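User: I have a two-chain model open and I'd like to learn how to read it. Can you walk me through it feature by feature?

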Amino acid sequence: MNQHFTAVAGTADQTRGQPDASQDVVRLVDLKRRFGATAALDGVSLTVRKGEILGIIGRSGAGKSTLIRCLNGLERPDSGEVFIEGREISRLGERDLQPLRRRIGMIFQHFNLLSAKTVEDNVALPLKIEGRPKGERLARAAELLDLVGLSEKARAYPASLSGGQKQRVGIARALAARPALLLSDEATSALDPETTRSILALLKDINRQLGLTILLITHEMEVVRSIADRVAVIDAGRIVEQGPVWSVFADPRSDVTRSLLRAIRPQLPAELASRLAPGAGAETILRVDIAGDAARGPLLSDLATAVPGAFRLVHGGIDHIQQQPVGTLFLSVPGSDASHLGDIITFLKTRQARVEVLGHVAGSV
Amino acid sequence: MSPVLFELLLRSIWETILMTAASGLISLVFGLPLGLALVATDRGGIAESRWVNSALGAVINGFRSVPFIILLVALVPVTRLIVGTSIGTWAAIVPLSIAATPYYARIAEVSLREVDHGLIEAARAMGGNRWTIIREVLVPEALPGIVAGFTVTLVTLIGASAMAGAIGAGGLGDLAIRYGYQRFETSVMIAVVIVLIVLVCGIQWVGDRLVARLDRRG
């Protein structure tokens with residue numbers, strides 16, 4: 001796929017170590033699935049490495065749900081291969097899938113807790129399915145409820161819990177049988193922003209503490225931004241872009257990614273954008289994207305020293321994603337001196353920044 | 001009311017309770033699995049089979065479309081085969097059960113169908129088999145509806161058992177027709193109606209309390 005920021009991304013990828021096939025918890029090869037005339041999956045190939053959090057993002061109807069359901073055999077691909085811990089599962093029968101599914105936990109957008117069972121019985125259900133004795137089940141349930149911070153609700157019924165608490169129970173239940181992989185199907189989409197943050201923090205915690213591999217699908221970039229290590233963007237049944245989250249955020253290559261990022265990345269203020277014109281004007285507006293080492297140095301003060309003449313910061317800022325600075329700055333350069341503008345652009349490019357001339361604005365910005 | 005009539009009333013109450021309870025129990029034992037089979041074999045069910053589903057549906061509809069009084073007479077040979085006679089309280093339990101079973105199967109089907117499909121998917125994702133889904137998800141989640149439906153079936157059976165008087169089944173309906181209506185014993189008629197009201201209210205009250213206890217959906 002795309003080589004994001006090859007020059008600066010090298011360090012990040014090296015610390016992660018060489019991808020080793022035996023470390024892949026999930027490997028999908030050219031997965032295809034049609035529903036009538038529409039292709040829900042149109043040749044998806046993807047790997048999920050042991051211990052990582054992979055976020056799959058796409059608009060609704062992009063094929064996310066079909067994709068995640070192929071991983072535990074709830075959905076069967078028309079063609080292609082699904083390897084879970086090295087074993088091909090797409091053609092297994094329901095009976096052979098059952099033990100495999102116990103290796104894979106799943107959490108859902110609408111929690112899917114059993115209303116007739118207490119919280120602890122919900123959490124213990126996967127163990128009951130495995131045929132474990134009652135004492136062991138309840139001990140494990142207590143341990144997990146402690147992990148998700150709901151010990152005092154063990155005997156309560158799900159109906160008495162808040163949405164965030166229900167999802168915590170869902171997470172505890174998904175972890176009960178000590179899975180090798182956790183699938184998250186829009187787990188925070190029904191929650192308010194604050195609860196979403198706490199659930200995502202819990203997932204990140206579990207990923208770190210237990211080394212659990214997590215694959216999550218979402219339509220919210222914020223979810224990917226806050227916990228994923230890598231992101232894959234799916235559109236019309238195809239993976240259009242994938243890579244480490246910070247590099248995809250810094251340099252989105254596809255229109256879908258750009259449009260999904262619009263909600264959380266700095267944009268030129270609408271009022272200013274509406275006044276942009278292609279011809280000459282009093283001020284030129286530049287968009288400058290920087291990431292990684294390029295964003296760590298004193299870029300703007302160096303620019304001021306290297307290129308005499310004025311420029312102004314109009315909008316933007318530096319975000320930190322996976323400890324990597326990712327920034328978008330909107331600069332305004334006054335006057336119609338083409339060589340001055342050219343010097344600025346050249347300087348920025350030597351610092352690995354991507355520069356785009358957005359247009360000109362007449363009058364004062 | 002004479003002591004003889006009073007004794008007759010007590011016996012009729014017992015016969016009605018016996019007919020309702022026995023055929024109710026039988027309809028529960030056979031109707032619930034039938035309802036489960038209807039839901040399981042339906043499109044998108046856990047044991048999808050269009051052929052089985054249509055066949056089951058046709059048989060159930062067939063029995064349900066025959067008026068009970070006709071069924072009562074038509075089933076006489078079957079009753080004779082099972083009970084040895086076609087007359088009396090025990091004989092009436094056969095057609096009552098056969099009428100109530102498909103009725104209850106449909107009621108149970110509705111409750112089972114209302115179980116959120118996401119819960120079934122969650123149980124499948126945990127590695128549960130069909131039996132797990134039935135035992136841990138479908139039945140417990142539908143239980144309030146299953147119990148409420150059973151209450152409705154029992155009340156309906158009390159009414160139907162009155163018709164069984166036509167084959168000498170005894171019971172309150174039979175008593176009301178023979179003494180209250182044909183012999184102008186108004187006191188018997190009034191007593192029967194009061195007992196029936198108490199019976200129906202009692203069953204409904206117990207059923208409602210049970211449903212309230214079972215329903216954890218908040």
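User: Where do I start with chain B: which share of its contacts joins residues at least 24 apart?

Analyst: Among contacts in chain B between residues at least 6 apart in sequence, 70% join residues at least 24 apart. Two residues are in contact if their C-beta atoms, placed from the backbone, lie within 7 Å. For chain A, residues 24 or more positions apart account for 71% of the contacts with a separation of 6 or more. Before going on: this is a predicted model, where local features need pLDDT of at least 70 and side-chain atom pairs count only at pLDDT 80 or more, while totals for chains, interfaces and linings use all residues. Residues are numbered from 1 along each chain as its sequence is written, and chains are lettered from A and ligands numbered from 1 in the order in which they are written.

User: How many helices and strands does each chain have?

Analyst: Helices (H or I, at least four residues) and strands (E, at least two) are DSSP runs, numbered from the N terminus. Chain B has 9 helices and 0 strands, and its C-alpha trace spans about 70 × 40 × 25 Å along the principal axes. Chain A comes to 13 helices and 14 strands, with C-alpha atoms in a box of roughly 80 × 45 × 40 Å along its principal axes.

User: And how many of the residues count as buried?

Analyst: A residue is buried if 20 or more other C-beta atoms lie within 10 Å of its own, exposed if 12 or fewer, and partly exposed in between, with C-beta atoms placed from the backbone. By that count, 43% of the 218 residues of chain B are buried, and buried residues make up 43% of the 365 residues in chain A.

User: Now the sheets. What is the strand order in the 6-stranded one?

Analyst: The general idea is that strands of a sheet pair through backbone hydrogen bonds, either parallel or antiparallel. Here, two strands pair if DSSP finds at least two bridges between them. The open sheet of 6 strands runs β6-β7-β8-β3-β9-β10 in chain A, with mixed pairing. Its edge strands are β6 and β10 (238-244) of chain A, each pairing on one side only. For a parallel example, take β3 (53-57) and β9 (230-235) of chain A, which share 4 bridges; A:Ile57 has A:Val233 in β9(A) as its bridge partner.

User: Why is one side of β12 and of β14 in chain A left without a neighbour?

Analyst: Those two belong to an open sheet of 4 strands in chain A, ordered β12-β13-β11-β14 with antiparallel pairing. β12 (312-321) and β14 (354-361) of chain A stand at the edges with a single partner strand each, so one side of each has no neighbour in the sheet. Neighbouring strands of this sheet are turned by 15° against each other on average, direction ignored; axes are lines fitted to C-alpha atoms, for helices over the stretch in contact, and angles run from 0 to 180 degrees between N-to-C directions. Pick out β12(A) and β13 (324-334) of chain A: 9 bridges join them, antiparallel. One bridge to find pairs A:His320 with A:Pro325 in β13(A).

User: What about a helix: is α6 of chain A mostly covered or uncovered?

Analyst: Check its length to begin with. The expected span of a helix is 1.5 Å times one less than its number of residues. Helix α6 (163-175) of chain A has 13 residues and reaches 19 Å from its first C-alpha to its last, close to the 18 Å expected. α6(A) is mostly covered, with 10 of its 13 residues buried; among them are A:Val169, A:Ile171 and A:Ala172. The cover includes β6, α4, α5 (134-147), β7 (181-185) and α7 (193-210) of chain A. α6(A) lies across β6 and β7 of chain A, at about 165° to β6(A).

User: Which residues have the most contacts inside the largest nonpolar core?

Analyst: In soluble globular proteins, nonpolar side chains tend to be buried together. A nonpolar core here is a set of buried Ala, Val, Leu, Ile, Met, Phe, Trp, Tyr and Cys residues joined through C-beta atoms within 7 Å. The largest has 152 residues, and those with the most contacts inside it are A:Val123, A:Ala172, A:Ala176, A:Leu215, B:Leu96 and B:Ala164. Helix α5 (89-113) of chain B gives the largest share, 14 residues. Leaving aside neighbours within four places in sequence, A:Val123 touches residues including A:Ala141, A:Val169 and A:Ala172.

User: Last one: how many residues does each chain put into the contact between A and B?

Analyst: Chain A gives 20 residues and chain B gives 19 residues. On the side of chain A, the elements giving two or more residues are α3 (94-101), β6 (104-108) and α4 (119-130).
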